[in-house]
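Me: Hey, can you help me look at the charged side chains in this one? I'd like to go through a few pairs.

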Amino acid sequence: MAAYGAAISLRDTIQTILQSSRITLAPPSPQILQPAYDAMVDLQKALLKLDETSCSKIRTKVNALDERIKEAVWEFEDLLESHVYQQILPQLEGHYSFSVDLLSLRQSVDCFIQRVAVMEAEFDTELLNMPEEEGEPLSSRIDFHGIDSNMVGLSQEFENLRDYLLHKMEGKYFEITGMAGVGKTTFAKKLFDDPSLKSHFELRVWVKVGRKCECNEILRCILAQVDRDQKLTQGDEDGDKKLVGLLEERLKDKKCFIVLDDVWKWDAQVMDNLSQDNVRILITSRENLEECQIGCTLRLLNEEESKKLLGKKVFGEDGFPPHLDELGEKIAKKCEGLPLMIVIVAEFLSKEETTKEYWTEVTERQHNSVFVDAYDNIAELSTEGFLESFGKQILGDILDGETFDYLLRECLAHLASRYHLILLNLTLHSWFSKQMCRVHSCWQHFCKKEATRIKFLHVLQSYDDVVKDQRRLCAHCISLFSFEEVCENIKNDCASNVRSLLCVGPYHEYAMPIHVMDFKLLKVLETGSVRFYHFPLEIFKLICLKYLCLTCNKDIPVSISNLFHLQFLIIYPHMKIKKHGALSCMPVEVWDMQELRYVNVWGKDLPTPDSSIAALDRLFGLYGVSAKSCTREILKRIPYLKTLEIVVELHPSDEDDDRNTLSNLGYISEELRYLEMIHYIVTYPDIKREFMVPLSMFPSSLRRLDLRGLGCPWKHMNDIGSMLPNLVHLALNGYAFRGPEWNIESGSFLKLEGVEIEDTDLVRWRAQRGSLLSLNLLSIRHCYKLQQLNWTRDPSMVATAIELVECNPLAVASAMQLKPEYMFQIRSHSSF
């Protein structure tokens, strides 16, 4: 639904123009533009009706109309933003607010609204008249004999689910979920063929459901397999109620195992009538279904399992011959653990010569035809709809606790856990389970092709890529911009319409000619991987910019305030070196940037505002500043801040009086009532020096705390913890605290779920009964003096994983002595 995304974009663009504090619209401009906004709201509602239609409908005409609507919306958005840009640009120098007159656009707005209304009515008509795709013959739905049940890996998952099915338990629905191609059908077939299940269930039934399969058809397929006298017929002669009655009669006093494979949409109403005591129903689906109380989400294969499967599919049970073993391992690794990908790659490899030269080419070439063809052969994902932009009122979102970070995680979790479209692990910081958020390479390939086709986003692959009319450009190889052909193509074919430029390749220390392109309507510029020697002045003419990320060591010019729509400002230093004693602040004009929500500018503080009414009410994240940014005068101007990172740089020449700046930190809990996360980092710490922070800097609203390099005594940590009843995650790194023992008192840290301790001189870690009631991860790393862990706790507490990485062997032995009934899981790693 590209049109839906286009409607959201135009709606937000119009809203930005209408509500901007720095744009003055000459009458009757607001009245001219408001109907277009209303039209986009109505269009969104109309387009969402597609989600309510059956997945078995043929959408060819609807998709074509969606494309036409998208082009019309984009065309008007380009016209509107170009008009506003051309009027504001001459006023940039020396002006705080800008006058814009939209009178000349009245006719264009009226024509656009009429055009959209006509296409919206046509869309409604096409939705009502979408034809149904033809269903499969019922005989093919019960034909399971060609399905391979020969599975590699996942043996523990298989045994667990088999045990659930064999033993009498509450609930009759069981589910196998996972991304497309992960092997759900194979897993289900292995269960179906398992000898213990065969002997346990008198009757076994297999039904391939798919996108189009009515409940009546499912019941007929089941009945035909449990009653040999029942003829399998296509049609509606018998109603669901009659079929259920017949099934109940046939299943009476008989144990039955039913597999419903590839379920797209589930209606449990009829199936619920079947007896629960003797029927077990196993469902495979890409979605997590609410009716299924017990299930298994299939993981990707690990590297060893991937290699075994590839070798087996190409060469049989013996696996790879010796001369191809290492190359086979590399090819299997490129499949990223997806069984279907491995099987298809194996099919292509089997058709070619098994020479070392050919396999080396497959391994080394980035876009080898084996992988490209395999990507194209994997079933395409059907994802419909776009996630809405985050809230109309960011202030309201903040007060409700729904920050950008929270909403982003929620959206990612929804795509990962319900639809299995991305690989996601955003759990607490376990050393053994790294955080991950990515799309599998085969789906990346599909998404890139589809995004290029609909001109949503194009990933540059070579200097001769066609970029005509593309609206977003991404480059993983930044050096592509050194090609004159690339720059000329972009200038001529899409620069005037590009909304996003993403440079996300490896860090490049030398400047690329990105700034010479005429991206006048650019909204997102991600160039953190490129070093700029100076701030390109052209950037400060990009008044539509909402996101800016780059790397530069120079001071930020005052013209940054020209970017009055900017929401995210991220400026990385090329080298974290600055002259001792030098004051480095952002320009005071930053207080004019009312839309700022996230600022990450290492080593540059917020200045004290000139105006008594200056405030950044929408700012929720501030990173890389020193204690100088924490004066009461500054903090009260950013009252809704959620995350604060303070960086303290110690120098050998520092006087004791220099620590007086810490008195500013006492205002944090008074002024920042909604703060949830504090990072307090002392760079280059002196481990002989205590660096105390005032307890009044920690508001009770805090949920995450990251402290590094303070050198405080452990008693101070208990004092801090007593003030933080809502703390969920605690990270103490780089001699954040110092001393041989941390004794956690009863009643402390009751909501804490994860603790990370790294690089300390800790010898004994003790937790008294009644503390850490919710802790599920204790990760201790590089604590070479640690010898003893002692935790007195109630057996009813949550299970806890204890990680010991590069620690004293005595600490590992001590952890192993903790009472097993307390449900400890001990993991350790040492390179010695």
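Me: To start, which residue does Arg115 form a salt bridge with?
Reply: Glu75. This is a predicted model, and in it the closest N and O atoms of that pair are 3.6 Å apart.

Me: Switching topic, what does Arg299 pair with?
Reply: Arg299 forms a salt bridge with Glu157, with 3.1 Å between the closest N and O atoms. Those two are 142 residues apart: Arg299 sits in the loop between strand E7 (294–297) and helix H11 (303–315), while Glu157 is in helix H6 (residues 155–166). Arg299 is partly exposed at 32% relative accessible area, and Glu157 is partly exposed at 21%.

Me: Now Glu756 and Arg781, which strands are they in?
Reply: Glu756 is in strand E25 (residues 754–758) and Arg781 is in strand E27 (residues 777–781). Their side chains meet in a salt bridge, 3.6 Å from N to O.

Me: And is Glu756 buried or exposed?
Reply: Buried, with a relative accessible area of 9%. Arg781 is buried too, at 10%.

Me: Which residues are linked in a network of salt bridges?
Reply: Glu77, Asp78, Glu81, Arg471, Arg499 and Lys523.

Me: Last one, how many salt bridges are there in the whole structure?
Reply: A search of the whole structure turns up 38.

Technical notes
Residues numbered from 1 in each chain as written. Predicted model: local features only at pLDDT ≥ 70, side-chain atom pairs only at ≥ 80, totals over all residues. Heavy atoms only, no water. Salt bridge = Lys/Arg side-chain N within 4 Å of Asp/Glu carboxyl O. Helix = DSSP H or I, 4+ residues; strand = E, 2+ residues; numbered from the N terminus. Buried < 20%, exposed > 50% of the residue type's maximum accessible area, 1.4 Å probe, protein only.
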